[in-house]
Every structure is written in structure tokens, then in C-alpha cells.
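Colleague: I have not seen this structure before. Could you take me through some of the helices?

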Amino acid sequence: MKYKFTYCLMVLFMFFAATSFAQQDITIQGKVVDSLDGKGIPGVSVLIKGTTKGTQTDAEGNYRIAAPSNATLTFSFISYTRQEKPVSGQAIINVTLASANEQLDQVVVVGYGTQKRSQIVGSVSSVKSEEITKQPVLTAAQGLQGKASGVQINASGQPGSQPQVRIRGVGSVTGNQNPIYVVDGVITDDITNINNSDIESVEVLKDASAQAIYGSRAGNGVILVTTKSGKTGKMSVNVNSYAGFRSMTNSVDLADGRSHAIYTNEAITNTNRLTGQSDPVVFDPNNLPTQTTDWMDEITRQGLVQNYDVSVSGGSEKTNYYFSGGYFGDQGILNGAKYDRITARINNEYKIAPYLSVGHNLTVTHNKNENKPTSTFSSAYRMSPSAPVRNADGSYGYLSALNVGNPVAAIDYTNDFSNSTRLQGNAYVNVRPLEGLTLRGDFNFDKTDGSGKIYVPVYSVFSAQQNNRSSLNVINQNRFYYIMNMQATYSKTFAEKHELNATAGYSFERDRADRSNLRISDVPNQRNLWYLNQGDPSTLVIVEPEANTANGGDLIRRVSYFGRMTYTYDNRYNISGSLRRDGSSSFPVNNKWGTFYSIGGSWNITNERFMKDQNLFDNLRLRVGYGQVGNDISIANNNLAVLQGLAQTGYYGFSYPDFPISLGQTFNQSRDALASWETTKGIDAGLEFGMLDGRLSGSFGYYNKLTEAYIPIRLPALAGDADNTLYSQGAKVRNKGFEAALNWEERKSDDFSYRLGFNVTFNKNIVDEVTGNFQLRGGSLGNGEITTLSKVGEPIGSFWVYETDGFDENGNFQYKDVNGDGQITESDRVFVGSYQPKTYFGFNAGVNYKKFDLSFDLYGNLGNKIFNGKRAVRFGNENIEKEVFEGRWTPTNTNASHPAALNTIPRPSTYYVESGNFLRINNITLGYTFDNQKLAFLKDSKLRVFATAQNPFVFTSYTGYTPEIAGAASSNSPQGSIATSGSAINSGIELNVYPIYSTYMFGLNLTF
Amino acid sequence: MKKNIFVINIIAVLAVMIIASSCNKEWLNPDPENIASGEDSTYADPANAARFVTAAYTNLLTWEQSSFAWIGTTSITSDDADKGSSPGDLGTDKDQLDNFTFTATTPSFKDGWNSNFLGISYCNQALANVPLFTIEDALKNRYYAEVRYLRAFYYFNLVRMYGNVPKLDKVVSDEDAQSPELFKQLPPDSIYAFIKSDLEFALKTLPKNTEYEPGNIGRATQGAAAALLAKVSMYRKEWERAYSLTDSIINGAVGSYALVNDYRTIWREVGENSSESLFEIQSTGQQNGSVRQYSQVQGIKEGQFNVPTSQVFQGWGFNTPSADLYNAYSEGDVRRDATIISVGNTLFDGVVIRSAFNPRYNYKAYVSIRQETQGGSTDFSNKNIRILRMGEIYLIRAEAANELGMSGEALNSVNAIRARARGSNSNAVPNITTTDQGQLRQLIWNERRLELAMEHDRFFDLVRTGRAGEVLRAHGKNFVDGKNEIFPIPQDEIAASGGVLVQNPGY
């Protein structure tokens, strides 16, 4: 009943609004020029005051807007003082903007609306689209790296994948720790479908007072992505393209064939000595191999990356339009892999009446993947170099004493294709029934249809790499998400000095997914016959029916009420609060609803009378905020609403095959009846300033937030839980830190300008509390050893290892008996840091000289540690690194840096923990612009050509492939797959190798 | 006005959408998507009662329950098998199992502990939930008996592996899981008493194999209950019970059973669920319903054959029969080449092994691609694992008879086994004739080794007969008396119990 009442109220309200009086609009045009040089300023935002309706100036600084004859227009642009002009019936309004060199009045997207920079009380970082589009990256998220303080990005090297994003540290222990993305109102966790050229701006909401308007979705941060729309005026056409190649940035020197053989034999001999066995050695000592295959080289290549897109935009009084189409292709560096994406977008707005406009943002994306197993990187690391790629007779090489398959064969035998089509967007109605009031209704949706086929042919390389019967997997996945928003925004200035902005709204959403994955055997090895009906029907199986991940579906529904109110007095004092109430179907019946809020204030000190006479600061602003937000997907893949959920346990064949198999089903999942969202509460304070006529600007921020995290509690086997895990709100994790950003920008002359920017974040991650005596262990290596413990007073996922103490007489590690009880037990483990960086920073610089432009970006991490898991897990006879071989302990080299060769499972120790510090040159771009073309058809056009190096160098002391270890760590053991998720308690372990790459490319931008 | 009408239309459409899709009290309380639950129609559908029971069977198929860890703890530990594979390939911890250098963190013991207790939990769930269905009492009782049989099976594993284990006779509630009471370990005597009470119930309740409706091959039967109870009785030295139970099986009192004539066929596909079989784990050869990687773990490693390698099921080469086992067979004993694949031999499907990484492999895990319906992949073979079969029943009877002083009956039974082992070679495997109780006891024990080699019995049998230390040390293993008769309780489980579980002595 409660809902019904609300709806009916809203509907009534909208009827009232729509039928209320309409003010007559007139068309106003004019030009906006710079007070210094009198040149037109492009991109100035022209808004009808008190509304969100507006336009921007074109390339010459001209604009045209329809507005009520009694309206007031506001003109604003970065680094210019905002101006307001009453229309008063004039048809032409020319404006001269003075360069105020401050960003205070820039309008910033803040979620369910915009706010003036000067009125924001939370911490919001904005990144311009140019910063993103100049990089050859798939997603805007990757493009953010180093651009904003408080935002840590961990690159992923896999074509078609998103990076890991951490905003102001990690609070969640398990489940999802990535922020949500809001693309024109669509809440999503995947923005791989967005063409970067279509992005107008990216805003990162970093603290609770900015995030609270997204309530239970905002716990990991919110990234708002706004796509471009057409500007009133002349049609503008943009063409962007680039093409280049990617290659591996760092490689690790591995032992050659002979060294591997010597090491392998030594390991067996040494192990025999330890265990008293007498196993024979693998390689004949008198006939050691001479062959060396560089497996990493054999499976990688210089991969082509290319992007082409074109957009057409413009607008008239009645409509604005933006259309774009693009292609992005990325081969990556692994042989045979390929990712292709085609995008198209139409963002239009139709002004039906002065008080009514409707519009839509629609994008369709199709992507096609040819996947090759990334596990081959690990195989290439572990494979014996003494085996050839192919033997003389053409068959694949292998080492029989090794269970690692030939990586080249693994790539050749993989046929894994997937594709998906995604339609995302919205349609909206804006009604302005009276001045200052805007009502908006929008319907946002996201529909994905994906399918895939995996064909495994019959092959036999050797006993550890063979498949005796062909199989075909046919995978289908689709998802439909929608969210309907209705909101009202009111803004009014009373008695000149009192400015009030209020937004209130209501939304409901539904997210439904469906998946199937079927497998059949005996399908011929011909691509045109890869269909289920070509196989043997008796072999048809539903893949992993007991898990909901391959076959099954989900449904989540949510309802939200939200509101925000900002009051500004005399442009000096702001107070702002927001409130959101969320209901979710994912939670148990008594825990469905949660309330989230924030309150904050800011003080524009430069507007005070006592600051009038100073000219040091153009702007000085202090802000502080407090709030509470939530994370409603803190527990991965669990529908928590069902306390008594039956789980499938697989099938059993009674009288098989004469009778069909029988399904097993029982209760084997323990659930916490109180499970709900994870809350994060925090305070944020900041100081923003602009100085020296806008040349220097910057901000300092402090934050301190506490997450009541869900943790996996290890249940005893006796509890009857199949995965021995119960998720419960059992830990408190604090992130506190300080961040600073400084920018210097100077325009020396028309021919020369430059800018420098630096941002840094110091974050302290600490576990404040772990309820009871739960042992938050993690970082399993898949060989029975764990590497992390999250304990009170230490960062999440701290490496917890034995401390090495020299070698014994056989060259094996000795460990420190830390507690002095005379034996080495678990209580001798020590904490040696975690993967959470203490500091991360970005630096960027740019110079424009005549027609040249040069820019330069750096990104770095300090104070984090990496566990070199691929060294620690060496299953029988696998290859080793050259350094490990050469520096190993032998009776003649007792002053060694590495232990003697041994096959027993080593204790996780300080030996494997390395510094994760790195400094990476992110991007170097050199461009040259041609304008005032002599050729007639290029008249009025602007052509820029550029060359870019992305990630050309990484400076790090880490000995592995990359210090940026995104995503999951999992075991590559052929004898069982113990996969651990990429959650905070498992992060920073380089177990699977995935090298990152450098990109070198050329491109052009053409505008006319 | 025209414009206003348009506006009103739009808004009306919006309004209808809003009201239609959302004026729904149930918006936040949908039926759980793709999850059957204890709160919906689950209990109205009798098929779900069967599923609770089937769950207790499906646990027999897991990697943890019946594959690598089980092979390691029951076979690689014994003198019948070596670790196998390549010298540096330790199979995670199989070298530790082979050499008795394992500790409480050795992963295989965790697998064994966890999966057997999970199986017990599934049995208890079935016992708690089946009563909630409206089905015939007879069927309910059969279901109870099936899962109690399985619970006894899981407990028999646990008590032999870990000695003192907690007794779970009901579903563990969330509160119970926190209680120290849950972890109270009982001595083997009490656990055996619990096992026997389950088996006695199963024995009197379960149908005979001849009484089941079609479609039920693979379920626990009266014969299976009798066989397991007989084996348990043997472990408890309750010889009269062991004798009478085995007698009843051989007499056909609990179902229709007989030794198959050809020993070599027992572990092949043609021998699945034969008259020899009292209980075996059913493996379909499909991804759904197969024992995970049982054959692959033990498969021939790196073979060269007379046929293309794609026609031969190969694997990782673990758990290779030892030279000691090979030599334990007398010349002409058909069981040797039916148990052990030796390089150079011709297999039943015509495959000749010209060379391979290891000298011997477990024939009882071999699957023929050429002549059997091997299934979709090497991960999921159709190899049923034989748990209890007539060969063992005869030997239990022989041992019980000998202990009861009935040497004639003992000789009858043991010689029935030897007669089959003789095959067509009348001079081989002569009958045992001694009536000396001590000598005969040793001979029967030896016969158990030969008959049941590589069938996961040897290590437990050595411990049962008190010979483990002597035999295994002679085999070069670091077996410590008073310690290694049982395995360590997994360290993780002691931690998860809050330190309540008490570690076995010596670990």
C-alpha cells in the first residue's frame, strides 16, 4: 500500500506539473569572448538559471538558446568568472568573460543532477575526456590511472577486460570491491561497451558525502560517466583514429635447457637425501640437453591495436543530436587472441515546448572475442626449455617428466569464441512547470545478449596433454537490467543571498540474468559443424548444474528514495545533506531496507569581506562532510534472501545408462540470517585553492572511513557446509589518508603554454576489529600453504610468512624461531606488509608550442609488497628463473642468494615477499595540428596527428612480470583447481603470470 | 493545446508504466530465482525426497572423497603401491604419504576429513527432511536405510583414518556449529557402535538386490549392508557375526550374489554391477555423475603403444603397483596381470604397451577407449569403484571361520578364491591345505592382499592385523608404531573448532 500511495502522489504531481502554465520562449543568440584577446571561447556552458537546460558555445564562441523572455542566462567555463545576464526580452546577448582562473563555478555532474563546484561539499574528482581519449585503452577506467588522487587503478593486460579500481583503499574483504559506474543513469559494473570518444566527462565520487545519494550501491565509490550530446550550432564532425602495436613490457629471464636439466636433477638428488628415497634423476647427467626454447617468445607477438571512430553532432533550437560510430580492435600479445568491438551511439534531445523536452542516450555495442588460454603464460614460465616447440617429425614437443603441457599446442588446440551485443541507454522527459522546478522521468536500460562456443578437438601431445573425445560447449547468457527514475529538482534564490537547491526522487530497478552452458561430445572438427545437433545426443550434459554460474539465473529488484538539499548563503557558506533509502530483494525479509545519509558544509573563504584586499588567492575553499554508504554486493554470488536454499549436489547414475541420471539436492549452505549490506561511514575534509591568477591550483584532502566488512568465516567441516564458509559481518576495516593535488598552468603567449600536475595519495589500511577469534586467512597457493592473515592492527591481506635465517648445511632455508619455543610452527610467522600501497601518485605535464603539443604522464605505487607465488609453487620438474638457477646454493656456492634445488613444498617465507614499488611512464604523446588548411575541402577544419607511447617503461625492483597484479590469483596446478577470488585477502600474489604490455601508436583527430 | 495533449499523453503513459510495474507489494520479495527452498513447494514434490537421498550418494563421486586424496591415503601409503608419476612430481603431497613424512597440514587428510563429514551431513539432512514428505512409509524407510548405510560407510572411513572422531547423528544447526560439544571426539568403540546400529537398521530394512524395481542399480541393498557389517565385524573381531553374515550372503539369503568366473573382468566395464558386486560407486562417464579423475590420476603416463596414443586412455601415472606386490603373486596367478599393467603386456583391448614412464600401472583403474564407453573426457571416466565384492566376502568368511576354529570352512572359502585365481592353468595357485590356525591366518591375510590389491584395502588391513609397522618399515617407509596407525586430524579443522578437537598422538 505504501508504494501505491507514493506512486499515485507522484503521478498526480506530474499531471499537475505538465498542465501548469507555460512561459513563452524566445531565441537568444550571441557570442562569448575572452576579455583579454577578444577571441571567441568555445565550449562555454550557457544555462538558463535555475534549470538544467542549456547549451555550449561552438568553436567560434557563438551560441543560440531558447529561453523564457524573463529568464536569466548563466555563462560559465573553466578558468573564467561566471556571468549572469537577464534576458529581458533581448534576442542578442554578447558576453565578455574574464579569465578568473578558477574552477569554482564549473558545473559538475554529481549524480541525479549537477552542482556548481563551489557548492559541492564532498570530494569529487573530474577528469576531462581528452585525458582519456589520448590513451589507447579500452575503458575510461583504465584512462583514469594517475589522473585523480584517491583513485588506484590496477591494469589488466587481457584484451577486452577492465582494470581493477580501488577508491581510497579497500574496505570490503570479500566480494566485489570495484566501484559502480553510472553511465547516463544506467548503473553498471562494466563499461567496456563505451567508446571513449563518446565520453564528455568522468567524475569520481570519492567520499561518503558525495556518494550517499547512491546509498547502498556506493560503498566502493561511484564513477559517473556522462556521454556527449550535441551543441546548438553548426554541425561538427570529428574523426579519430589510431593504430599501433602492443608488445610485452617486461620479461623474466628463465633458465636455459641445460640449466633446467641440472637444476631438476639436483632437486631430485637433494630431495632423495632429505627423504631417504632413491628416485632416479630425470636427465642423463652425461647427456644434458643443449636445446633451449624461449616459450614466452613462442606464444607472444606484437599485437595490433586500432581504433577508428567518427561522430557528427550539432543542434538547433528544437533538437540537439550526437551520433557516433566506432571500431576498436585489440589483439593483445598472446598469439591468436583477438578482441573486436563495434559501437554506435545516438544521443538526441528534442525540445517539444519551452517547458518540455524529451531525449535519449542510446548505444549499441557488439563485441567479438577469440579467446586463447591465458594459462599458457604460466605454462610458458613453467615449461621445460629443453623441449622443442615441435619435434623433427612435426609433433609437439614435451618433457615427459613434467605435467606442463606444450603452450604452443595449448593455443593451437583452443577454439574459444564468444561475442555479445549490448544495448544500453535511456529515454527521458524533462518538464519545467514553473521557474526553478524541473521534473524528470527517465527509463534506463541495459540489455546484453552473449553467446559462445568452445570446441575441444581430439588430440594427444602426451599423457598430460591429451583429449580423447571431442567436445563442444555452447554458451548463452543474457541479461536485462532497467532502472526507472523519477525526480524533482528545485532551485531558487531568495532575497539575493539565499540559494536553495533541492532534489528528491524515487527509483526502482530490476536486474535479471539467464545463463546456459551445454556440452556435447563427438562433434566433427569442422567449424561449420560446431552445433549441438552434430554431436552424440547421449553425451549432452548441463555444465556444472550445481553452481549457478554456468547454468541458471538471477533476479534482483531494488527500490530507492533519495533526496539532496543544498543551501548557500551569499556564495560564502554552503550546507548540503543527502538521504537515501534503499530496499533490495537480495536480503532477508527483515533486512531489506537500509538508510544512507550524508551531511556536509563548505566555506568559500575568498568571498569573505576580509579577503577582498588580498590578491594571493583567487579562490580558497574549505569543506567537510560526513556520511554513511553501503555495498550491497559485498558477498559474492549469493542471494542472501534465501536462508533455506536447496543446493544441487550433482547427479548420480542409478542403472545408468538404461535410466537417466538422478539429481541430488540438499541443504549445504550456511547463511547468516542477519546478512545485509556492508556499511562504510566516514569523514572527509578538504581545502581547495587557486592562486597566482589561476596559474596554481590545488587541493588537499583528508579522509577517514570505516567499513563494517563481511568476511568469510571458516566453518568446521562438521557444520555440513559444502564450501566450509559462512559470510558474516565480522570485521571492521579502516582506510584513512591524505591526498593532495597540485596543478600549474601557464599561458605564456599564443604560441607557448604549459601545464604541470601532480597528485598523491597516502592511504593507511588497517583492520580495526575482527569479531571473535575468526582467523581471516587467505592467499592460498593451492599447494596447502596460505600466505596472508588479516589481523587487528595490520592491513587487510597482510603477508604472514616465516622469516628466513640463512641456509642449513644442505642449502635449505632455516627459519627464525620468533617465539623462541625451540620449534618452527605457525606462531613463528611474521607480518611483512601487504599489497595495499601506502602511497600512490600521478604526475602529468603538457606543453603546447606553436602547433606542437607534447604530454607526459607518470603513475606509481609505493609501500606495497608482492608475494612471488610463481616461484613458491614449483611442481615437479618445472622450469626456474635464470637468477634462481645461477644464484642457488650448492656445496661450492654456500654464500648463495637462493636456496638449493629441492622438490618439497617450501614454507611461505620472506624470501618470496618482494617490494611492489613501481614507477611507470603511462603515456607520452606528441602531436602536431594543421589548421587554416589551404586545401579548399579542408577549410575550417582542424587536423591533428600524433604519436603515443603508452606504458613504455616500468621502473620496479620486483622480479616478476608486472607489479600490477589485478584480478584473481589461482593455482595452475594440473591436479586440481583451487581458485581463489581476487578479494583483498588474496591480492598481490603473482601465481598466474599475465604480462603487461607497452603500446606504440600513431593517430589523427580531424574536426570540421 | 495540441502540445498539452501530447504532454498529457506522455505523462499518462509514464503513469501507467509506473503503476503497472511497481504497485506491487511483492517487488522486494520475489520467489528466489533458481533456488528451490525449504519455504516453497519443495516438500510437496516427492521427487525431492529422493533428491535428498541422492545427494548422499553424489558425495561419493567427488575429487576429495574418492579420487586423489583417497588413492593417496589408502593405497600409496601401503606396500602395494608407490607414488608413481615422475620423481619431481609430488602430486601435492603424495610423496609425504608414500614416505610417512606427512603432518597435520598435509592436504589429503583435509580432503578425507571434510568430504566424509560432508557425506555424513548429507545423510543427516536426508534423515531430517525425508519425514516431511508425504510418501509411502515403506519408501521412507528404504530411504532412511539407504542413507544410514551411507553414513556407516562414511564413518567407517573416518574411524579407520582418524581414530577418535566426533559423532554426528543429526543436522548441525548454526548454534551447534559454535558449540564445543559438537567437536567432542568419541573413542573408536563408540563410533563402531554407531556404525553398527546404522548397518543393523539398513540390513533389516533395505530390499535385496532382487527386490528393487528396475532403475535402482547402485543403491544400497540388503546385501551391501550385510557385506559392510561383515567387514566391520571382522575389524571388531566379532567373528561369529562376520561368519554368519558372509554365510548369508553366499547362501543367497540377502540377495543374489556369486563369484564371477573370470577375475580379469571384475574391474572392467563388463564387470560393473555383476553378481560379484555388493556395492560399487557408480560412474557414468559423463561430466554429470562421474568420479572425478579417478582413472586419470592413475592412468598410464607417457606410453608408446601399438596403436595411436589417442586410442589409449592415459593419465598422470600415480599410485603405481609396487614391485613387491608384483612379486607377491605366484607364477600363473591370473590376478597379477589383471591387477598390474606391466610395460610390454598386451591389454584386453589389444593395446600393447611398448614403453611408458613407469614400469607398472594400476589395471583396475584402466579404461579402454577401444572397447568401453569411456565418456566425454579423461576427467570423467565411467570406472565404477568397487567397494564391496564377493571375493572379499569369501575371505572374511574364511578368516572368521579360522578364528572360530572351523578350519574346514575357512579352507573352503579361501580355496574358492584361489580356484578362480588359477584360471585355466590347473597347476597354478594350488589349494591351501594347512589347518594350523596361525599359519592359515597368515595365508588368508596374504590372500586378501592378492585378491584385493589396489582396491583401497591394504593399508587399513595391515593396521587391523597389527602388521603395519613391521611390513611398511620393511618396505622402506618411516612408519612409527603407536602413531601412524591413524592419520593426523587436519590442522585447519582443529583451528576451526576453536582448538577443541584433540590431535591424534604423535602429530
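Colleague: Which residues of α16(B) are buried?
Modeller: Buried in α16(B) are Ala410(B), Leu411(B), Ser413(B), Val414(B), Ile417(B), Arg418(B), Arg420(B), Ala421(B) and Arg422(B); buried means that 20 or more other C-beta atoms, placed from the backbone, lie within 10 Å of a residue's own. This is a predicted model, in which local features need pLDDT of at least 70, side-chain atom pairs count only at pLDDT 80 or more, and totals for chains, interfaces and linings use all residues. Residues are numbered from 1 along each chain as its sequence is written, with chains lettered from A and ligands numbered from 1 in the order in which they are written.

Colleague: What covers them?
Modeller: The cover includes α14 (334–339), α15 and α17 of chain B. Helices here are DSSP runs of H or I with at least four residues, numbered from the N terminus.

Colleague: What comes just after α16(B)?
Modeller: Gly423(B) does, with a positive phi of about 60°.

Colleague: At what angle do α15(B) and α17(B) pack?
Modeller: Helix α15 (residues 390–403) and helix α17 (residues 437–452) of chain B pack at about 170°, their axes 10 Å apart. The pair is therefore roughly antiparallel, a term for angles over 145 degrees. Among the residues in contact are Leu395(B) of α15(B) and Ile444(B) of α17(B), contact meaning C-beta atoms within 7 Å.

Colleague: Changing topic, how many residues does each chain bring to the contact of chain A with chain B?
Modeller: Chain A gives 96 residues and chain B gives 101. On the side of chain A, the largest share, eight residues, comes from helix α1 (residues 2–19).

Methods
Axes are lines fitted to C-alpha atoms, for helices over the stretch in contact, and angles run from 0 to 180 degrees between N-to-C directions. Helices (H or I, at least four residues) and strands (E, at least two) are DSSP runs, numbered from the N terminus. Angles under 35 degrees count as roughly parallel, over 145 as roughly antiparallel, 65 to 115 as roughly perpendicular and the rest as oblique. Two residues are in contact if their C-beta atoms, placed from the backbone, lie within 7 Å. A residue is buried if 20 or more other C-beta atoms lie within 10 Å of its own, exposed if 12 or fewer, and partly exposed in between; C-beta atoms are placed from the backbone.
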